[in-house]
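Please keep the model open beside you while you read; my points follow in numbered order.

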Amino acid sequence: MDESVLRNLLSALESINNATTTNHERQLAQEYCETLKRDPAGPLYGYYLAHKDNQQPDTVRHFGLSLMENTARYKWTDASLTPELKAQIRMNVMALALEATTREMSLLVLRSLCEDVCIYDDPVAGLRKKDLRAGLLIIMSSEAILREQYPDGVKGHKDEVTLMVGEQGNDGWLSRISILLQELLPRCQTEAKTPADEKIAVAALRTLSATLDWVISSSVSSASVIPLICQATLSPSEKVRLAGAECYDVLSSRNLSEHEREKMIWPLLDEGGIDLISKAYLAQSNQSLQGDSYLFLQKMVQATVNLGEQQLCAKRNARVPKELSKFLQLLYAMTSHPSVILSSFVSFFWTTLLRHETFSKDPTVHTFIPPLLELYSGVLAKDFEYKRESDPVYAHFVAQDFESPSDFRTKVGSIFQKAVDVIHLSVPIVPLPAFLWVANKVSDALKIELPTSSNVKNTIQFQIFDGALTLMEITISSLTDIISDKANPQSEEILAAMNTLLGMLIEYNGKCPAALERIAASLSSYADMFKLNSTLLFRCLDKLFKSVEYPMSSKSDIDVRELRYRSGITLVKIGKAIPNTLYPIYGEIDTAIQRLIQQGVISGGEKKTLLSFQLVIGFNAGMALERNAIFEKVVGPVAVGFQSTDLQEVLSDPAKFMAFIGAMELSEASSKNLQGQEVERLGTVVAQRRALLSWSVDALLTFMRETLDTKESTKKELWAAYLGPMLPNLLSTIRCLHAICDVQAWTGLSPEMSRVLMLSPEEKEIMVTGKAPSATTGSSTLYATKLISDLKTWLSVLRDHCYKLLAQLTTLGAPFYSIPALQPILEQSLFEHVDKLTNRQLRLLINSAAQPIVINCPAEYMDSTLSHLLMVLFPYLDQRLERDWKAAAADGLVMDEQGDPEDLDVSDEIVKEVMLRDLTYYVANFLYAVLDFGRQKGIGAPGTHKELTPLALHILSNEAIAQSVIPLICRIITYKDTKSCTRSAETALCVMGALVQSYPRTQTIIGDFATMVLQAALEALHDPYHQEGQEKLILLITEVYVEVRAFNEAPKAVFQQALGADASRLEAFERELSATTNKTKKHALVRNFLQGIIGVAKSEWFKQKEQGDKPAPVRTIAGSYERPSKNVMDSEQHEDIGDGLASLFDE
């Protein structure tokens, strides 16, 4: 051995295991270790590291074994391994094997075989999986069990018959493991235990966990395995407990028939098993755990939830276990745990239980509804940050569960939705008691003394207030069907209680605008009640109208502004919900709105919202004539104002547009360093002028959003009449907005005006970290720079609204796409100045405008509108991304996609890279949307091919468009952005399916497609950066080879060129592939052959597979716990050695 190589290897392993190592250093170290795996001398270094006499840590010894195994599994037939070297490797392996006891080695080999065949998608085992699975069933089961399960001694039917006969007198390995555990587990409870006892007990339990998902159920019951698993979870040994919990989880997650459940699950739920499981959980739950102790707790929660969801709440299960109350008490205790990960995870079970046909009616379940409401109503207060700061135990588990604050915030957001689901399901089961309990909670909340601070919404008092009103909203929405059912004996009482509570809300006269805003928002939840009882409707509307004109102390009074805005939005929601109830009083509503407009007591935004209120009443009420009149009255003046000649003149030239928005005036003000009242007067004048344009766009967008969520063509026709007035100025506005993104447009203005084109520090921080920076108190003096910042914001919002208004217009269908010369008009308006846009702006253009234009185009207009547009757009995006990624690579990529964005420095380099990654992903998403959007099921018998949508068919049947989009898809696969890479791989799979389905019409491009996709996917697969996406890439390569190779030579040519794919081996593979008709076997052959080409880490070849169709998804806790993966540095404590040893002697 080379001593320097050994030193470098040990140094690399130290870097990988050192928590202080940077991501870059760790990646370099891992690449070095992977390089040594490909070295013929790798097994010799592995033997040195693994041998106990060299006293290396367990993690290093395990890596040494992986060096030996990698050669045995993947390189044994390579010419680089001489016979002498192979003999030396065999001797080394046997020397290491002698270090282990016979029983432990037997268990390790059995477990390795079970995992390769039944758990992991091993490409080698996949070639003979049926025979291997049958063999494992035979050796695990006793002769008697096999005779009972297979009386005829065979399994299968017709030509697919497998012998299932055990050796005479054989008790089966499951029985042997059970006897071994009966001997060891009691011994592990005493002081007389030895390290060997613990080690073999753990090995036996881990082997058991590898079998419980597929072994014959009668074997489990006859071997008395269930009590042993429960006993193991109570062991004083941490490792034994954890291995027992793993068995418990596999058992709980198994897909069982009712007969199998009778043998494996009901003994656990009926015969004292829950007592033991509860005792095991509660013994650990009151501690501030970490490491394997916390991992055990996570595994117990995961297993118990899966037991509840998969077994107890199985779809057709009607049996109620004897110890249901104890089981629910255990799950309630888990829900109350201070760990956010654990408590939220149990929510899955409660929602499943409350939906179940049997258990939703069970009295025992009903007794748990009040405590559940109490528990989950606390979640609605969103006081997670307060708990983290005030509760040390809660804070401990937050630190354990989350690597970053952003991860914590994401998780608590999902917990809120789970709480909503549980409450929504609970309330209808006991409706009247539930509502009265909620009403008392709200009544208490209305008495809370709220602070007078400016940030009152961040106080715990307001959070409790807000949570109570949220609870009320959820409860009312849950009772809609009950209060509408007059036959329900409780409906009248509930309606009366609702009216009483609504009266309390209307009469609330607190002085806190934030509280008034929250109450205003909650009033829309009573809309369905107003259909049945409108006693308080007038008072409710009166309160909202008064809130819309609530007096503001100053323009900067944010809480009052929010109150006014929220009150208007609530009116719109009520208008959409009960238009027919409001229509008889439409005249009074119109009078009230006109009064507010004429008195000038409301802002432009509030005016737009109140007009929307009028519009939704008229548009959604059942009177067509009145609808047309109201539509004309509300929309007509806005649309006409938008096409005014003054605006047409302003939008005719970018220079005139810049003058209109006040660029020159602000430049002069900043040059003269104006401040105070002069700046304020200038700001007022400029803002009023800009509003002539932006208010019209915003109002039209709002009106369309509120009225176009309908399939009624007569309603869309109302908007079609206004296409002519709206579209020219809309496209001219977009063109001007793009044109002034050119730096040259701002030459001659003051240097301060360059801020309009630059990202502010706050914008950079939001873009990189996803978190808004803390607000800072600015100077009370108004400077011109503030007006420049306002201009920048105004331009950004106007651009966004214009894109979205254009997207809304495309939903009109034929009236929009039949506009004469639409294609050149769109291309000129949207893309004439596209080179001047930043990647961030281009991303928004693609996502908000280009994608809707393409997706919403009717089939009959695709050729005239889309063909040329896509032939130009796809190559442009390809060239731009290629240029920018080359530049980024030259500068050096610095981001780690798996890292926490909040840890990044907000530098210009990082910001530039973030924008490029975002653009790449949005382009990849755009391609996926247009090629997979609406891949619809074909009409006919089940199993028929999916039919392409007209859009996908148009793109792929037009050779020019197809030849421009395929290189773009393939190039994105190779870029160092995993999200974009995997999304493009998904798109390539869609395209491949379409091309194969349409063959032979696609024969001119399918070969080029296969070549480019396979080359791109292999390139990405070789790139260590894409480790997270390798599974998707392997799937893509396999699918393309199997599907395209049947009628094209291109895949074979790519494999021939790939490193390591020698001609003789390729020909042998091709012969075997052509001789196989089973598609699953074809995939296994390709994956098996592929490993010899790319030599990737074994961890990327295995994934846990689903066994059959699950009645519900098996739950796994997505916190700090994950099933241990096989990677370069997996330690012995997670994965025992022995995987693949038999391959050493397969010559």
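**Notes on the predicted model**

1. α41 contributes the most residues to the lining of the second largest pocket, namely 18. A pocket is found on a 1 Å grid over the protein atoms alone, as an open set of points where a 1.4 Å probe fits, with protein on both sides within 12 Å along at least five of seven lines; lining residues have an atom within 4 Å of a point.

2. Before going further, a word on the ground rules. This is a predicted model, in which local features need pLDDT of at least 70 and side-chain atom pairs count only at pLDDT 80 or more, while totals for chains, interfaces and linings use all residues. Residues are numbered from 1 along each chain as its sequence is written, and side-chain values use heavy atoms, with hydrogens and water left out.

3. Back to the pocket. Its volume is about 2,400 Å³, taken as the space filled by probe spheres set on grid points that are joined across faces, edges and corners. Of the 49 residues that line the second largest pocket, R561, S603, G604, G605 and A687 lie nearest its centre. At least two lining residues come from each of α33 (558-577), α36 (604-620), α41 (677-707) and α45 (784-810). By type, the lining splits into 20 nonpolar, 14 polar and 15 charged residues. In that count, Ala, Val, Leu, Ile, Met, Phe, Trp, Tyr, Cys and Pro are nonpolar, Asp, Glu, Lys and Arg are charged, and the others, Gly among them, are polar.

4. For the chain as a whole, the tally is 59 helices and 2 strands. Of its 1147 residues, 54% are buried (buried means under 20% relative accessible area, exposed over 50%, partly exposed in between, with a 1.4 Å probe and protein chains only). Among contacts between residues at least 6 apart in sequence, 76% join residues at least 24 apart; contact means heavy atoms within 4.5 Å.

5. Which residues of α19 are buried? They are L324, F327, L328, L330, L331, M334 and T335. These residues sit on the same side of α19, because they cover an arc of only 155° around the axis, the arc being that of the directions from the helix axis to the C-beta atoms. They pack against α16 (266-270), α17 (273-285), α18 (291-312), α20 (340-355), α21 (363-366) and α22 (369-379). With 12 residues (324-335), α19 reaches 16 Å from its first C-alpha to its last, close to the 16 Å expected at 1.5 Å a residue; the expected span is 1.5 Å times one less than the number of residues.

6. An α-helix has 3.6 residues a turn, so residues three or four places apart point the same way. After α35 comes G600, with a positive phi near 70°.

7. S224 has a positive phi near 55° and is placed in the loop between α12 (217-222) and α13 (225-232). K382 likewise has a positive phi near 55°, in the loop between α22 and α23 (384-390). S224 is partly exposed, at 39% relative accessible area, and K382 is partly exposed at 45%.

8. Leaving aside neighbours within four places in sequence, I482 is in contact with P428, P431, N488, S491 and I494. The C-alpha atoms of I482 and I494, 12 residues apart in sequence, are 8.8 Å apart in space.

How values were computed. Helices (H or I, at least four residues) and strands (E, at least two) are DSSP runs, numbered from the N terminus.
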